[in-house]
Amino acid sequence: MITPSTIAIFEHVMKQYAVELRQIGQTIDREPDRLTDFLHTSALQAINHMMIPPEYGGQPIVTIGQDRYYGLSSLERVITIEQLSAGDAGVFLGGPGPSMSSIVMIDLGDEEQKERFYSHFLKGPAWAVFALSEPEKGSDATEISTRITRHPDGGMELTGHKFYIGNGHRASIGLVFAQTNRTPLGIQVAIVDPSLPGFTATPLDTMGLRGLQLSHLQFEAFPLEEKDILGRHLSPTKRGLWGALRTFHRMRPSVAALALGVAQAAYDYVVEHRTIFTEREKTELERLEMRLHALRSMIRNAAAEIDHDANKGYLASLSKIRAASVAEEATEWALEMMGPGSMLEHPLLNKWYRDARAFEFMEGTTSIQKISVFQAYANGKMQHV
Ligand SMILES: Cc1cc2nc3c(=O)[nH]c(=O)nc-3n(C[C@H](O)[C@H](O)[C@H](O)COP(=O)(O)OP(=O)(O)OC[C@H]3O[C@@H](n4cnc5c(N)ncnc54)[C@H](O)[C@@H]3O)c2cc1C
């Protein structure tokens, strides 16, 4: 469990990993496939083990104070991810490990499913996909059309398309959301093995976060068995999409932390590379510094509150809205501060500018987050904020 007094030590460890990510960030941005050349680095080795519970073989990050962090709380994750993202968000996201799928697995998987899932990452670097979005259905997950069909002989198959799926092209295991019937409770989560016939993954050419290799997944009569469906041991309201909603609340502060990391990196770059500032520029610099501090407090507070009560998802939404816009503004401001031609002369700023545009879409756009905040306000949950 992370405490305020150990945060600085933990950040120090993460900053060392961030240096490694920064060193390879531009190479991976140009050639995402080369990520596998760097799997031996201590940063990517550590990322592969993040978010694996100790009872399933997870290896903690151990600080000099002998504290052990598995990345299982939202607060641990936002501190970790901010630093790693300041190193390089694309390489961090493209790195191996169970990532967001781990939280779904913890909430919805039974013992056999958890053993099966986590064992993938213990043998060596491996990737998992979390496949919810579809070509025409991103924001409204209740409308997804990928289907699980049950045959009279007891067999099952998965058919449909998933779009913008991180690491889809690299994955050796995945969690896929699909309809079993046309009701919101009919959306279930299946564990899939991409080596089986009926699966194809095509990388998409993106402008930002290129290390993540967003992919288009296609399932054609892909074979499933009953043991592949998560949450068989849970009630219908606790499995599937509704069960996963708590997962989304717990992951959303991490997307905010990703955005904060990129914004902080852009700010630090300007401070390091510009020595003389006009009075107006000094004011802008101070204002951005204060906004970054305020955003960090907001994200950590949201994460700590959500660790305590996963229903406080509106706090995550508020911090994600703010973080996505600060990242966009900070990266644009940094380019302006470095003068004409900075897109060409400062490749890191060029990269962060492109990367920052992705955070608006990850884990729900600002409009969707605002709807969630409004619903919390309308039903009285937000009175004490
Ligand atoms: C870097 C990155 C990584 C991603 N990784 C994954 C992943 O691993 N797995 C996965 O499943 N998905 C992933 N996604 C997809 C992401 O979740 C979707 O992009 C997001 O949900 C938005 O969906 P969409 O792109 O279809 O936009 P749309 O839903 O088509 O939205 C388009 C626009 O319409 C607005 N809009 C939509 N509905 C409403 C409404 N009801 N009211 C008001 N405005 C509305 C939106 O705000 C947006 O501005 C990733 C996306 C990115 C950019």
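Helices here are DSSP runs of at least four residues, numbered from the N terminus. One of them, helix 5, spans residues 111-122 and holds E115. The model is a predicted one.

**The N-terminal region and its acidic patch**

An unreviewed UniProt entry annotates residues 20-124 as "domain: Acyl-CoA dehydrogenase/oxidase N-terminal". In the model, this stretch is 58% helix and 4% strand.

A patch of negative charge sits on the surface, formed by E55, E111, E112 and E115. How exposed is E115? Its relative accessibility is 47%, so E115 counts as partly exposed. The cut-off for exposed is over 50%, and buried means under 20%.

**Salt bridges**

Side chains of opposite charge can pair when their charged atoms come close. With a cut-off of 4 Å between a side-chain nitrogen of Lys or Arg and a carboxyl oxygen of Asp or Glu, the model has 24 salt bridges.

| Pair | N to O distance | Relative accessibility, basic residue | Relative accessibility, acidic residue |
| R232 and D110 | 2.4 Å | R232, 37% | D110, 14% |
| K312 and E305 | 2.8 Å | K312, 16% | E305, 25% |
| R357 and E332 | 3.5 Å | R357, 24% | E332, 37% |

Take D110 and R232, whose side chains meet at 2.4 Å. This pair links distant parts of the chain, 122 residues apart. D110 lies in the loop between helix 4 (100-108) and helix 5. R232 lies in the loop between strand 9 (215-224) and helix 6 (240-273). Is D110 buried or exposed? D110 is buried, because its relative accessible area is 14%. R232 has 37%, so R232 is partly exposed.

The side chains of K312 and E305 also form a salt bridge, at 2.8 Å. K312 is buried, because its relative accessible area is 16%. E305 reaches 25%, so E305 counts as partly exposed.

R357 and E332 pair at 3.5 Å. R357 is partly exposed because its relative accessibility is 24%. E332 is partly exposed because its relative accessibility is 37%.

Salt bridges also join into a network. Which residues are linked in it? They are E11, E82, R296 and R300.

Y164 has a phi near 60 degrees, a positive value in a residue other than glycine. Where is the place of Y164? Y164 belongs to strand 5, residues 156-165. At 51% relative accessibility, Y164 is over the 50% cut-off, so Y164 counts as exposed.

Q213 is not a glycine either, and its phi is positive at about 45 degrees. Q213 is placed in the loop between strand 8 (199-203) and strand 9. Is Q213 buried or exposed? Its relative accessible area is 8%, so Q213 is buried.

Key. Residues numbered from 1 in each chain as written. Predicted model: local features only at pLDDT ≥ 70, side-chain atom pairs only at ≥ 80, totals over all residues. Heavy atoms only, no water. Patch = residues over 30% accessible without salt bridge, like charges linked within 9 Å, V, L, I, M, F, W, Y side chains within 5 Å. Areas by Shrake-Rupley, 256 points an atom, 1.4 Å probe, with all protein chains shown as cover. Lys, Arg positive; Asp, Glu negative; His and termini not counted. Charge placed at Lys NZ, Arg CZ, Asp CG, Glu CD. Helix = DSSP H or I, 4+ residues; strand = E, 2+ residues; numbered from the N terminus. Buried < 20%, exposed > 50% of the residue type's maximum accessible area, 1.4 Å probe, protein only. UniProt positions renumbered as here; feature names shortened; annotations may be inferred.
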